[in-house]
Amino acid sequence: MKVVLPPNIFWQLLYVACIAIPYIGNFELTFFTWSLTLVLTIQKKYSFEIIKLLLPYVIILIMAFISHFRYKDTEFYFVFRDITYLSKPIIGFLVGYQLFKYNHKFAMNMIVNTGVFIAVFHIYTIFSAIFIHHARTVADLRFYSGYFSDYEIYVVLLLIFHKEFGLEYSKKKLYILTAIVGFSALMYLSRTNFLQVMILYLALKGIFAVNKKSIIIFASLFITGIVAYSAVVNSNPRRSAKGFEGLLYKIQVAPLEPFKTHINRKDYKDFNDNYRSYENIQTIRQVSTDGTMAILFGRGLGSKIDLKQYVYLGDMRLRFISILHNGFMIVFLKSGLVGIFVYLYTIFFFFINRKSTNPKVRMINLLFLGTGIFLFISNWVFLGFYNLTETKSILIGLLIAYRKYLIDNEKHTIPASVS
């Protein structure tokens with residue numbers, strides 16, 4: 001049997017590589033692959049939409065670069081590393097946007113197929129964790145097989161709303177693909193991913209439009225959430241528990257973990273359960289001690305926060321850190337309050353969408369709306385698009401290009417307005 005490869009097979013494989021490599025956890029390899037792809041796919045023209053999204057990230061990077069000249073204690077290595085970290089979203093959006101040109105006929109299928117590939121690999125690592133590394137707790141399972149996957153959540157939603165996005169699968173194939181990606185996404189056991197799928201699902205259902213139906217649904221979800229959380233608290237899960245009870249304990253502490261204003265770092269339990277808040281507190285304190293200019297414009301590239309004690313982060317034992325868990329705080333550290341206001345636009349961007357007669361455009365707009373809402377949460381715990389292992393920036397860039405392609409091929413387009 002003769003195997004016929006699609007003419008754009010190279011570009012499809014390049015897209016798969018750009019999405020899959022960050023899951024390995026090697027940022028240098030990710031940055032190299034994304035940068036190489038950026039150069040290989042560079043274009044002469046770019047839409048106003050992608051420029052609007054890129055510009056705030058560029059401004060934040062430039063502000064951080066200028067601010068670092070006020071401080072003489074910065075090391076070149078950390079300055080260079082911050083440049084790569086802060087430019088990651090810029091490169092990611094452009095890579096996705098540019099790759100669409102070579103994959104526009106198969107873009108949605110390519111997104112789904114890549115998600116299935118990642119899911120299969122993740123399921124393999126789950127079995128490897130259980131049967132080879134003998135993982136028996138939630139913490140061990142996540143340590144060996146991964147902590148979260150934004151990309152797979154988007155793919156699950158695309159499969160659920162396959163008709164609206166124009167994806168044509170037989171029922172059997174649809175069930176198989178959804179089961180594979182859905183199981184993989186579930187087994188990350190990520191609280192943030194659970195919230196993400198709920199927010200994106202509600203957005204795609206049009207629930208975030210303010211009307212009687214949406215108010216009733218939100219009220220019901222709020223009451224259900226309060227009751228469910230109360231049940232978790234009343235069950236009094238043990239901090240040292242394993243398995244499902246351990247997951248319940250994490251759910252119990254999750255709402256306050258990033259927002260506490262006082263942490264006793266000598267209390268092991270308080271410090272570990274609320275470490276993200278501790279990072280935020282130290283960042284605000286140490287930037288504030290450098291005066292008004294630091295508060296307004298940050299401490300620049302290469303700036304670090306002193307944790308006042310050594311902490312194990314992953315497989316490293318650190319006291320001084322330059323990358324935080326909070327997207328807002330890392331922007332505050334590097335480019336100050338002015339940078340924060342600029343950064344807020346990168347979230348607001350997803351709330352302003354150009355309406356269209358094309359149902360696929362409408363679905364992309366709703367997906368972007370959900371993305372904007374989720375980013376408020378993601379930036380508090382996962383750095384948003386600055387996260388070193390996230391890949392959704394490529395997906396978003398590709399969808400921006402796809403939406404422009406759909407609108408450009410319409411005969412009638414409704415003027416811009418808020419979705």
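Me: Contact means heavy atoms within 4.5 Å. Leaving aside neighbours within four places in sequence, which residues is Thr 33 in contact with?

Reply: Cys 18 and Ile 21. This is a predicted model: local features need pLDDT of at least 70, side-chain atom pairs count only at pLDDT 80 or more, and totals for chains, interfaces and linings use all residues. Residues are numbered from 1 along each chain as its sequence is written, and side-chain values use heavy atoms, with hydrogens and water left out.

Me: Where does Thr 33 lie? Is Thr 33 buried or exposed?

Reply: Thr 33 lies in helix 2. Helices (H or I, at least four residues) and strands (E, at least two) are DSSP runs, numbered from the N terminus. Thr 33 is buried, at 10% relative accessible area. The cut-offs are under 20% for buried and over 50% for exposed, with partly exposed in between (1.4 Å probe, protein chains only).

Me: What does the side chain of Thr 33 reach at 2.8 Å?

Reply: The backbone oxygen of Leu 29.

Me: How do I read a helix pair?

Reply: Two packed helices are described by the angle between their axes and the distance between the axes. Axes are lines fitted to C-alpha atoms, for helices over the stretch in contact, and angles run from 0 to 180 degrees between N-to-C directions. Take helix 1 (residues 9–20) and helix 2 (residues 27–40): the angle is about 150°, and the axes are 10 Å apart. Helix 1 and helix 2 are therefore roughly antiparallel (over 145 degrees; under 35 is roughly parallel, 65 to 115 roughly perpendicular, the rest oblique).

Me: Which residues make that contact?

Reply: Helix 1 gives Phe 10, Trp 11, Leu 14 and Cys 18; helix 2 gives Thr 33, Trp 34, Thr 37 and Leu 40. By class, that is 6 nonpolar, 2 polar and no charged residues.

Me: At what angle do helix 5 and helix 8 pack?

Reply: About 55°, with axes 9 Å apart, for helix 5 (residues 107–131) and helix 8 (residues 171–186). Helix 5 and helix 8 are therefore oblique to each other. The contact includes Val 112, Gly 115 and His 122 of helix 5, and Leu 177, Phe 183 and Ser 184 of helix 8. By class it has 9 nonpolar, 3 polar and no charged residues.

Me: How many helices and strands does the protein have?

Reply: 17 helices and 4 strands. Buried residues make up 51% of its 419 residues. Among contacts between residues at least 6 apart in sequence, 74% join residues at least 24 apart.

Key
Ala, Val, Leu, Ile, Met, Phe, Trp, Tyr, Cys and Pro count as nonpolar, Asp, Glu, Lys and Arg as charged, and the others, Gly among them, as polar. A polar contact is a pair of N or O atoms within 3.5 Å; within protein, one must be able to donate a hydrogen and the other to accept it, and residues adjacent in sequence count only if both atoms are side-chain atoms.
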